[in-house]
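Student: I have a model open and a list of labels for it. Can we test the labels against their cut-offs?

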Amino acid sequence: MAIGEMTGMSVGAAMACAGTAAWLMGGWDSGARRARLLSAGGGVVGAGPPSWEKAFVGWRRLRGRLRVEAWSVAVGLVIALIGASVVPLVLGVAGVPLFARVRRAAEARRAVERRGDAVIGLCGALAGEVRAGRQPGEALRRAARESPGLGEAQAVVLAAARFGGDVPAALTEAARQPGADGLVGLAACWRVAVDRGAGLAAGLDRLEGALRAERDQRADLRAQLAGSRSTAVMLAGLPVLGLLLGTALGADPLHVLLHTGPGLACLLIGGVLEGVGLWWALRIVRGAEAA
């Protein structure tokens, strides 16, 4: 009887956690919008939003600040409550550094892409300013101000263009940032145009076209490899499907995995093999992208 009560309490707590997670994921967003519309149409003029709506907005802001690694702990807690074991919670906490590393890698990749797009935009804007009849220094200042995605390199380039510094050297230094290697070509175009009197706009047009073609080629390759990456992730999720099928058949796989010695051994070995296999498959995909 005590075991049944404990199981019922665990399932009830798990359902409460799942309901809270669904609420945080925005399930009540449409209801909040309807409530705001009703308040605007039939509420008291000048009255502020109700307290429950303020609390809802606060929760949504908190959810926006949560990182992806926080959900690792949340999922581990839910599974720990369902399986009546502390092992999933420990695994969820242990996965926080791994998910944090994945998140930082994704953010760095997006920053590289934004910086590359900023370089392409800088080349196009600079070519337009030069064709408008402005001097190269003034044209570079205007174009650099319109390309904020360059990051720290923007201040260096602007200073070199404003005070008559070595612009090619500043561009070459800025090109050391990941994703900004196109600035090396811009420095070469600048050096040839200033030293030999060649057309800067024509060189910038060719450079912009080359950078756009390279970006499109990377995007096309990434799209072709998206199927392989999705297949690897889907295969990695098959053990979860097996656990769900076992639970549906009444085999209670969570109890076997979390409360028996052979089950814990299978969980450890399977988790290690699963992680190594997923890492290896994604490494092959990243190697193809780099090549």
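Student: Why are α4 and α5 called roughly antiparallel to each other?

Tutor: The axes of α4 and helix α5 (residues 87-94) cross at roughly 175 degrees and come within 7 Å. Angles over 145 degrees count as roughly antiparallel, those under 35 as roughly parallel, 65 to 115 as roughly perpendicular and the rest as oblique. Therefore α4 and α5 are roughly antiparallel. Axes here are lines fitted to C-alpha atoms, for helices over the stretch in contact, and angles run from 0 to 180 degrees between N-to-C directions.

Student: What kind of model is this, and how is it numbered?

Tutor: It is a predicted model: local features need pLDDT of at least 70, side-chain atom pairs count only at pLDDT 80 or more, and totals for chains, interfaces and linings use all residues. Residues are numbered from 1 along each chain as its sequence is written, and side-chain values use heavy atoms, with hydrogens and water left out.

Student: Which residues of α4 and α5 meet?

Tutor: Ser72, Val73, Gly76, Leu77, Ile79 and Ala80 in α4 meet Pro88, Leu89, Gly92 and Val93 in α5. Contact means heavy atoms within 4.5 Å. By class, the residues of this contact are seven nonpolar, three polar and no charged. Ala, Val, Leu, Ile, Met, Phe, Trp, Tyr, Cys and Pro count as nonpolar, Asp, Glu, Lys and Arg as charged, and the others, Gly among them, as polar.

Student: How do α4 and α6 pack?

Tutor: Helix α4 (residues 68-83) and helix α6 (residues 96-131) pack at about 150 degrees, with their axes 8 Å apart. That angle makes α4 roughly antiparallel to α6. In α4, Val68, Glu69, Ser72 and Val73 take part; they meet Val96, Phe99, Ala100 and Arg103 in α6. The residues of this contact divide into five nonpolar, one polar and two charged.

Student: Why is Arg103 called buried?

Tutor: Buried means under 20% relative accessible area, exposed over 50%, and partly exposed in between (1.4 Å probe, protein chains only). Arg103 has 17% relative accessibility, so Arg103 counts as buried. Leaving aside neighbours within four places in sequence, Arg103 is in contact with Arg67, Val68 and Glu69.

Student: And Glu208: what makes Glu208 count as buried?

Tutor: Its relative accessibility is 15%, so Glu208 counts as buried. Glu208 is found in helix α11 (residues 200-236). Not counting residues up to four places away in sequence, Glu208 touches Ile120, Cys123 and Gly124.

Student: How do you know that Gly271 is partly exposed?

Tutor: Gly271 has 42% relative accessibility, so Gly271 counts as partly exposed. Gly271 sits in helix α14 (residues 261-290).

Student: How many aromatic pairs are there?

Tutor: Rings of Phe, Tyr and Trp (its six-membered ring) pair if their centres lie within 6.5 Å. By this rule the count is one aromatic pair.

Student: Why is the pair of Trp279 and Trp280 called tilted?

Tutor: The ring centres of Trp279 and Trp280 are 6.0 Å apart and the planes are at 50 degrees, so the pair is tilted. Planes under 30 degrees apart count as stacked, over 60 as edge-to-face and the rest as tilted. Trp279 is partly exposed, with a relative accessible area of 47%. Trp280 is partly exposed, with a relative accessible area of 47%.

Technical notes. Helices (H or I, at least four residues) and strands (E, at least two) are DSSP runs, numbered from the N terminus.
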